[in-house]
Amino acid sequence: MLDEPVKPHCPKCKGKPTTGQRKLTEGERDKLTGNAWKAAAARFDTAYVCKTCSAIYSHQNGFSTYIARLKN
Ligand SMILES: [Zn+2]
């Protein structure tokens, strides 16, 4: 268990699923405003999006940290 790499997982969805997760794109990042944009920009290299709930989060060292909600 400890030897398995921890995949990006949604911090908001029940059960913290690893399926349906993908990298945040630059276009999506730039639709954000204010503090959400700043947080996403600062963590862009580790930023992911959950396809189920549209949460943007940073995944680092096995932990997912919620940043903001993806804007359509
Ligand atoms: Zn989710």
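User: Which residues touch the most other members of the largest nonpolar core, and which element gives the largest share of this core?
Analyst: In this predicted model, the largest nonpolar core holds 13 residues, of which Leu 24, Ala 40, Ala 47, Ile 56, Tyr 57 and Ile 67 touch the most other members. Two or more residues come from each of E2, E3 and E4. The largest share, four residues, is that of E2.

User: Are the residues on the two faces of E2 buried or exposed?
Analyst: In a regular strand, side chains alternate between the two faces of the sheet. In E2, Ala 47 and Val 49 lie on one side, whereas Tyr 48 and Cys 50 lie on the other. Both faces are covered, and these four residues are all buried.

User: What is the order of the strands in the open sheet, and why is one side of E1 and of E4 left without a neighbour?
Analyst: The open sheet has four strands with antiparallel pairing, in the order E1-E2-E3-E4. E1 and E4 each have a single partner strand, so one side of each is left without a neighbour in the sheet. The reason is thus their position, which is at the edges.

User: By what average angle are neighbouring strands of this sheet turned against each other?
Analyst: The value is an average over neighbouring strands of the sheet, with direction ignored. On that basis, the strands are turned against each other by 35°.

User: Which residue of E2 is the bridge partner of Gln 21?
Analyst: E1 and E2 are paired in the antiparallel sense over three bridges. Along this pairing, Arg 22 stands opposite Val 49. For Gln 21, the bridge partner in E2 is Cys 50.

User: Which residue in the turn of the hairpin formed by E2 and E3 has a positive phi?
Analyst: E2 and E3 pair in the antiparallel sense over three bridges, with Val 49 and Ile 56 as bridge partners. Four residues lie between the two strands of the hairpin. In the turn, a positive phi of about 65° belongs to Ser 54.

User: Across which strands does helix H2 lie, and at what angle does it run to E4?
Analyst: Helix H2 comprises residues 34-42 and lies across E2, E3 and E4. Its angle to E4 is about 145°.

User: With which residues is Tyr 57 in contact, leaving aside its neighbours within four places in sequence?
Analyst: Tyr 57 is one of the core residues that touch the most other members. With the neighbours within four places left aside, its contacts are Cys 10, Pro 11, Tyr 48, Ser 64, Thr 65, Tyr 66 and Ile 67.

User: Is Asn 61 buried or exposed, and what is its phi?
Analyst: Most residues other than glycine have a negative phi. Asn 61 lies in the loop between strand E3 (55-60) and strand E4 (63-69). With 6 C-beta neighbours inside 10 Å, Asn 61 counts as exposed. Its phi is positive, at about 50°.

User: Is Lys 16 buried or exposed?
Analyst: Lys 16 lies in the segment before strand E1 (21-23) and has a positive phi near 45°. Because 12 other C-beta atoms lie within 10 Å, Lys 16 is exposed.

User: Which element has the highest mean pLDDT?
Analyst: The protein averages a pLDDT of 93, and 93% of the residues score at least 70. Among the elements, E4 has the lowest mean, 96. The highest mean, 98, is that of strand E2.

Terms used: Residues numbered from 1 in each chain as written. Predicted model: local features only at pLDDT ≥ 70, side-chain atom pairs only at ≥ 80, totals over all residues. Buried ≥ 20, exposed ≤ 12 C-beta atoms within 10 Å, placed from the backbone. pLDDT = per-residue confidence, 0-100. Pairing = 2+ DSSP bridges. Core = buried A, V, L, I, M, F, W, Y, C linked by C-beta atoms within 7 Å. Contact = placed C-beta atoms within 7 Å. Axes fitted to C-alpha atoms, helices over the stretch in contact; angles between N-to-C directions.
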